[in-house]
Amino acid sequence: MTTRRTHEPFQQSLIRRVSGRNGAGGASPHALLAGAVVALTALSGAAAQPTDRRPNFVFILADDQSPESLACYGNRVCRTPHLDRLAREGIVLDDAHHMGSWSGAVCTPSRTMIMTGRTLWRIPGATGPGLEHPPSFRDDAARTSMPALFNQAGYRTFRTCKVGNSYPEANRLFQVRHESTKRDAAVGEGSDWHGDRAVEYLQERAARGDREPFLMFVGFSHPHDPRNAPVDLAAQYGASNAGPPAEPDPRSPPLPPNYLPAHPFHHGHPNLRDEVDVQGVGERRGEAAIRNELGREYACIEQIDRQVGRLLEQLERMGELDNTFVFFTADHGIAVGRHGLMGKQNLYEHSWRVPFLVRGPGIEASRRASGFIYLLDVLPTLCDLAGIAVPESTEGTSFRPVLEGKVDRVRDHVYGAYCGGTKPGIRAIKADRWKLIKYDVLDGQVRVTQLFRLDENPLEYLAEHQAQAVVDRTGHRPDPRRTNLADQREYAGKRKELEDLLRREMTRLGDPYASAMFPDP
């Protein structure tokens, strides 16, 4: 494993890494110096820290959860008191994203990026024209993955998560593993199974008197479908695991404001499972089906929240909470009726963004920041906080300066891709208040550009949201100025600016479809 060394050559390489010149990139100038200084301080001071006082880490990952499901992002229905506590006692990041996917199983590249800190087209499993790796690449990349680095640094490592759609070569390196896909309503067959394994691990550590620092990867199988929630919780949200009623249950969650009965054009992935075969929904997009599924989703999220509460309580009981960084996020978001979609295979904010909460030493309570982070930034950030040297293979940027209130974000723009269906697929670029999405799917039959000013239109309303039938269902008529601006003449300059930026990012990140999305004139 190659790691960066101290003194001048190391400092120069670290500044290059923080700037993202060869990695996830787009670093804002005001973040560069702060990020480099913080990282250098962490690494130079690591040796002086007593082993038993190095920070612990609990990294909690939900499966298919939009930030719009949590109170700290504006939800007023889903009950999550323990996640609310994390937000209240720590920091909430408003612009956290996964970089995208070349597969309908979006979780596979997302989780691989988390484990390796590599970008979308440079991770094991990446597919596309001209992308080739030797058979040894998967094992070689695992040697610089999250569990490998923390094992080598003397941490005790633990993992509980679902089976599959991940990066098994890295997963098997955790010292303690409990893996099973748990999405049933019965006791011990849902999120409580993962919660039991995590709490038991902490209890066993306490019983043995273990003093080594620990890294826990606590993954839940929900709220990914089938959303078979505990029956009592589902009932509280007016939902049934057996399927939607003929008419909406009045207790069920309201439709999202950006709900549509159908997407305005084909999303580009024919027969996509998430859009045609979600248990209890299928191809239905009526009010009863969507509200029932939202109720099931919220019940699953509340059950996850209960497990988070159990973990926090156990850490407090052990006297470890104040020395532990607790992260909560998801591998990607999800639509569940927003924009007429059900799945995560799109680049609207509800599916491209992820919730991101962090509580821990040195993090001021009740703070918010933009962040402009990717999930692939998690690995270098954990290493930075732990005083572990970051491998040269890691392309992400530590957002420790954001956590500590030194900067608001670590880059000026973020790139997103989805091409698990027809090619070249969907691409997005987001910079400051503006966002561009481009679709080139179904062999050129659908070519659409969307431009949103997110400070005025954060829910990405379209003209279709003005239809009276939609307004009658949602009870909300958006301001007509809050719409797709791509074809409005006054925004032609902004559209071109973002298209040029997207083209550059596709090229810089090795997107094999850059020339197909932006052919030479």
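Biologist: Which residues of β12 point one way, and which the other way?

Modeller: His413, Tyr415 and Ala417 are on one side of β12, while Val414, Gly416 and Tyr418 point the other way. Keep in mind that this is a predicted model. In a regular strand, side chains alternate between the two faces of the sheet.

Biologist: And what makes β12 a mostly covered strand?

Modeller: Buried means under 20% relative accessible area. Six of the six residues in β12 (413-418) are buried, so the strand counts as mostly covered.

Biologist: How do you know that β12 pairs with β4 and β13?

Modeller: Two strands pair if there are at least two bridges between them. β4 (residues 100-101) and β12 share two bridges, so they qualify as a pair, in the parallel sense. Here Ser101 has Tyr418 as its bridge partner. β12 and β13 (residues 425-431) have six bridges, so they pair too, in the antiparallel sense. Gly416 stands opposite Ala428 of β13, and the two strands form a hairpin with six residues between them.

Biologist: Let's turn to the open sheet. What is its strand order, and which strands are called edge strands?

Modeller: Its eight strands run β6-β5-β7-β1-β8-β9-β2-β10, with mixed pairing. The edge strands are β6 (176-179) and β10 (367-369), each of which pairs on one side only. On average, neighbouring strands of this sheet are turned by 10° against each other, direction ignored.

Biologist: What makes β8 and β9 a pair?

Modeller: At least two bridges are needed. β8 (residues 324-330) and β9 (residues 356-359) have four, so they count as paired, in the antiparallel sense. One of the partners is Val358 in β9, which bridges to Phe327.

Biologist: Which helix packs on the sheet at β5, β6 and β7?

Modeller: That is α8 (residues 191-208), whose direction makes about 165° with that of β7 (214-223).

Biologist: Why are α8 and α11 called roughly parallel?

Modeller: The axes of α8 and α11 (residues 287-318) cross at roughly 5°. Angles under 35 degrees count as roughly parallel, so these two helices are given that label. Their axes come within 9 Å.

Biologist: What kinds of residues make up the contact of α8 with α11?

Modeller: By class, there are eight nonpolar, six polar and three charged residues. Among them are Val199 and Leu202 in α8, and Arg310 and Leu311 in α11.

Biologist: Why does Gln65 count as buried?

Modeller: The cut-off for buried is under 20%, and Gln65 has 0% relative accessibility, so it is buried. Gln65 is in the loop between β1 (56-63) and α3 (81-89). Not counting residues up to four places away in sequence, it touches several residues, including Pro223, Phe328 and His332.

Biologist: How do you know that Gln65 makes a polar contact with Ser69?

Modeller: The limit for such a pair of N or O atoms is 3.5 Å. The side chains of Gln65 and Ser69 make their contact at 3.1 Å, so this pair is within the limit.

Biologist: What makes Arg495 partly exposed?

Modeller: Partly exposed lies between the buried limit of 20% and the exposed limit of 50%. Arg495 has a relative accessible area of 21%, so it is partly exposed. Arg495 sits in α16 (residues 492-508), and a polar atom of its side chain lies 3.2 Å from the backbone oxygen of Ala486.

Note on methods: Residues numbered from 1 in each chain as written. Predicted model: local features only at pLDDT ≥ 70, side-chain atom pairs only at ≥ 80, totals over all residues. Heavy atoms only, no water. Buried < 20%, exposed > 50% of the residue type's maximum accessible area, 1.4 Å probe, protein only. Polar contact = N/O pair within 3.5 Å; in protein donor to acceptor, adjacent residues only side chain to side chain. Contact = heavy atoms within 4.5 Å. Axes fitted to C-alpha atoms, helices over the stretch in contact; angles between N-to-C directions. Parallel < 35°, antiparallel > 145°, perpendicular 65-115°, else oblique. Nonpolar A, V, L, I, M, F, W, Y, C, P; charged D, E, K, R; others polar.
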